[in-house]
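Subject: The two-chain model

Hi,

Here is the model I said I would send over.

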Amino acid sequence: MPSIRQTAYPDVLPDFRNLAVMARVLVGVNALALAGALYATPSLPAGLERFVYAAAFLEPLLLVELMVLFAATGVLARLPYWAGCAAVVALVSMLAALYHLGVRTVAADAVPSLGRTLALTLVAAGVLLAYFYLHTKAFSPALAEARLQALQARIRPHFLFNSLNAVLALIRRDPKRAERSLEDLADLFRTLMADARQFVRLADEIALLERYADIEQLRLGERLRITWELDASPSDALLPPMVLQPLLENAVYHGVEPGTGTGDVLVRIERRGDRVHASIENPHLEAGGQRAGNRMALDNIRERLALFFDAEARLETHIANGRYRVHIEIPYRRA
Amino acid sequence: MIRIFIADDETPARERLRELLQDIAAEVPSTVAGEARNGIEALERLPASGAQVLLLDIRMPGMDGLELARHLANLENAPAVVFVTAHDKHAIEAFELNALDYLLKPVRAARLAAALKKAAGAGAPRRESLARAAAAPREYLSVAERHRIVLVPVRDILFLRAEQKYVTVRTREREHLIEESLVALEREFCGPQATHPFVRIHRNCLVARAGIRGFERTGGGDEEAHWQVVLDGLAERLPVSRRQWPAVRELVADRP
């Protein structure tokens, strides 16, 4: 059984379909080549010339390797981490050797020796894999923290005890609805204790949002009015778990509960091209104090989005016309 | 028959309390004399209800339970108060410290019965205990007016001035008299927690910092010169005592 305090997350290979990952690979390999060229030559101009010469050889190989990794990333991700690393190294070495032999047949004097090509390939692959490994390690505390924070938020006594109290009030008058509310609560807690490393389907995350909304609706009645705009939402999109629900919870906690009137909350999720956009809007209340606690939740979600999508995800907040709005944008990945 | 008033912003929570009151009716006969969904509504309805005990939720929109309780002191025959909370750590500590009664949600029938028996003869909680228990300054000052309570938003107040027995509360439109001590008001509204902070300009006067438009120098000649506060939208000038002047000037200078 996964424990709540579990902090050790297994290592994963970088997602080679991610643009930011590709960019890091390109920059990394070229930086290594430049360093090598400068080291091997006596002066800066000579070094640069050597680098340009080497790059002419290197760049096509690098692009081919990235394309192959792009295509293979699905298979690679299913291997255990160390096997995956070995497969990546084997794959790029093989490509380098083939490329080397291919180029030599057309321009024999234009290529370095096979040994040097392979050595650079191995060094570059090793350095980059180590870099991605550390990069993931640096972000993974955010996952453990997310569960803890989400757990604390859900067990935010305010929510838990008020929900239980509302269900108690229902038991005699509407036992069926009371049963459903307890099931909703159970589902919320189950998700919370689940594994925060795995992607979830958007459809499941939306179902969770609706369960949560039902419980709040029970408590707040006509004071809470949620408008769902989900027609264009891609139900098969993948996203990290517990990204949307905490945002809806914040909207209710800061934007509806402190108000005396009806609080309008808008949930809109849609796909535009290869991006998925999600935004949640609530009234911006002076008494709502949408500050410290909210910012902590947002920072954590931002970190987790970075961990899952690198630079391809965005999270922004706006305050305009008395409305507070959180907007998330992630790449469209299918299950 | 205890007359009970229920103030809670969540409908199911009020329903639950009504159910429980029925359940314990044999032990503690009671009737629900009124209900409200927030502090302001409760203050409007309480005086006419003749309630003896108020079951009061703490977290409510508009005005929270603790502030509401503090305004009750202005009522004749103010009800005894039993706070009801889901779990407000700071409030509970403060209640314990100041011997105020509270119940935890979800409320148990036996606990409710015990609390009602205890509260029935107790009368309103002491103003000082409530003031100490409250974490934040009030958003309103309250004025007793025959059979109702008039609320004056603190953000509308320009100055508070101690007269002989009362404190004058001056807003742009009118003035009210309240029976509170200026020292206690200063403690509440001049501190760092105040959302609409005041500053003492004279032994007998606190001025809202946001309402200060500027200062005028008067006197000269035989009379010793002194400064006066010019207030937003008010012809009256308020003298700043020599002793307070340096502090006032500094505070207003670093106003955002």
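Residues are numbered from 1 along each chain as its sequence is written, and chains are lettered from A and ligands numbered from 1 in the order in which they are written.

A contact here means two residues whose C-beta atoms, placed from the backbone, lie within 7 Å. Where pLDDT is low, the predicted coordinates should not be read in detail.

Chain A

You'll find 10 helices and seven strands in chain A; these are DSSP runs numbered from the N terminus, with helices being H or I of at least four residues and strands E of at least two. Of its 335 residues, 35% are buried. Buried means 20 or more other C-beta atoms within 10 Å of the residue's own, exposed means 12 or fewer, and partly exposed is in between, with C-beta atoms placed from the backbone. Among contacts in chain A between residues at least 6 apart in sequence, 75% link residues at least 24 apart.

Where they meet, four residues of domain 1 of chain A contact seven residues of domain 2 of chain A. Helix H1 (residues 19–40) of chain A supplies the largest share of the domain 1 side, three residues. By class, that side has four nonpolar, no polar and no charged residues. For the classes, Ala, Val, Leu, Ile, Met, Phe, Trp, Tyr, Cys and Pro count as nonpolar, Asp, Glu, Lys and Arg as charged, and the others, Gly among them, as polar.

Chain B contains eight helices and 15 strands, and 41% of its 256 residues count as buried. Its C-alpha trace spans about 80 × 35 × 25 Å along the principal axes. For contacts in chain B with a separation of 6 or more, residues 24 or more positions apart account for 55%.

Between the chains, 14 residues from chain B and 19 residues from chain A take part in the contact. The chain B side divides into five nonpolar, four polar and five charged residues.

Most residues other than glycine have a negative phi, and most peptide bonds are trans. Which bond is cis? The one from Lys105(B) to Pro106(B), with omega near -5°. Pro106(B) sits in the loop between strand S5 (102–104) and helix H5 (109–120) of chain B.

Asn321(A) has a positive phi, near 50°, and is in the loop between strand S6 (314–320) and strand S7 (323–331) of chain A. Asn321(A) is exposed, with 7 other C-beta atoms within 10 Å.

Asn77(B) has a positive phi near 50° too, in the loop between helix H3 (65–72) and strand S4 (80–85) of chain B. Asn77(B) counts as exposed, with 10 C-beta neighbours inside 10 Å.

Cheers

Definitions and conventions: This is a predicted model: local features need pLDDT of at least 70, side-chain atom pairs count only at pLDDT 80 or more; totals for chains, interfaces and linings use all residues.
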